[in-house]
Amino acid sequence: MIRSVFSFKGTLDRKGFALACGGAFLAMIVSGVALFLLIAGPLAFAAMEGFLAKPLASALVQLAESVAVLAVGLPYAWVVYALSARRARAIGLAPWLLLASWPLVSVLDHYLLRQMISARFVWPLAGFTPIGGVWHAATLAILFMAPTRGAPTALASAPRPRPPSTYAGPPRATFGQRS
């Protein structure tokens, strides 16, 4: 199970993608908080008891935050990219195009568009300008809502209507003649 979350091979349907993304998000939150508390908790206690100087304790807590973000954020980014690549393949998109566009749009938005546009997108993409926010929101919407390529649609999988019970066969070729 864990190996399949980190893998870039195969495809993923909408339900599997949504469940895996939700599970990865919850795992990231829980492990990030736990890791931060394990590292920063003893440091804060040592600072309160006077074992560490306040500036040193503050610097160590900030270092603990950075370690927690890297230790949890990098595997989470890998999982999100792997799940997105599998979902993109399932809906018929080239995974490399999607995976290359996310960091490219993020870098262009952060270093170029922020200098020109002061407006920001809505939460949870508030770090982006409206252009970058719309791009990321659109790609996420496509991944979550696009149907899987080759899967039966609602119209194709609907049962055919049955003929009425008084069905007497196809119409006759000639009217009025008995056979």
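The model is predicted: local features require pLDDT of at least 70 and side-chain atom pairs pLDDT 80 or more, while totals for chains, interfaces and linings use all residues. Residues are numbered from 1 along each chain as its sequence is written, and side-chain values use heavy atoms, without hydrogens and water.

**The whole chain**

Begin with a cartoon view of the chain. It contains six helices and zero strands, where helices (H or I, at least four residues) and strands (E, at least two) are DSSP runs numbered from the N terminus. Along the sequence, the pattern reads α-α-α-α-α-α. Contact means heavy atoms within 4.5 Å; among contacts with a separation of 6 or more, 64% join residues 24 or more positions apart. Of the 179 residues, 24% count as buried; buried denotes under 20% relative accessible area, exposed over 50%, and partly exposed the range in between (1.4 Å probe, protein chains only).

**Aromatic pairs**

Next, display the aromatic side chains. A pair of aromatic rings is described by the distance of the centres and the angle of the planes. Here, rings of Phe, Tyr and Trp (its six-membered ring) pair if their centres lie within 6.5 Å; planes under 30 degrees apart are stacked, over 60 edge-to-face, and the rest tilted. By this rule the count is three aromatic pairs.

Select Phe8 and Trp78. Their ring centres are 5.2 Å apart and their planes stand at 90°, so the pair is edge-to-face. Phe8 belongs to the loop between helix 1 (2-6) and helix 2 (14-49), and Trp78 to helix 3 (residues 54-91), so the pair ties together parts that are 70 residues apart in sequence. Phe8 is partly exposed at 27% relative accessibility, and Trp78 is partly exposed at 46%.

Then select Phe17 and Phe144. With ring centres 4.8 Å apart and planes at 55°, the pair is tilted. Because Phe17 lies in helix 2 and Phe144 in helix 5 (residues 130-145), the pair ties together parts that are 127 residues apart in sequence. Phe17 is buried, at 1% relative accessibility, whereas Phe144 is partly exposed, at 36%.

Centre the view on Val79, which touches Val5, Phe6 and Ala24, not counting residues up to four places away in sequence.

**The surface**

Finally, switch to a surface view. The accessible surface comes to about 12,900 Å², of which 72% belongs to carbon and sulfur atoms; areas come from the Shrake-Rupley method with a 1.4 Å probe, and for residues only the protein chains shown count as cover. Select Leu26, which lies in helix 2 and is exposed, with a relative accessible area of 56%.

The last stop is Val134, in helix 5. Val134 is partly exposed, at 48%. Val134 and Val122 are twelve residues apart in sequence and 9.7 Å apart in space, C-alpha to C-alpha.
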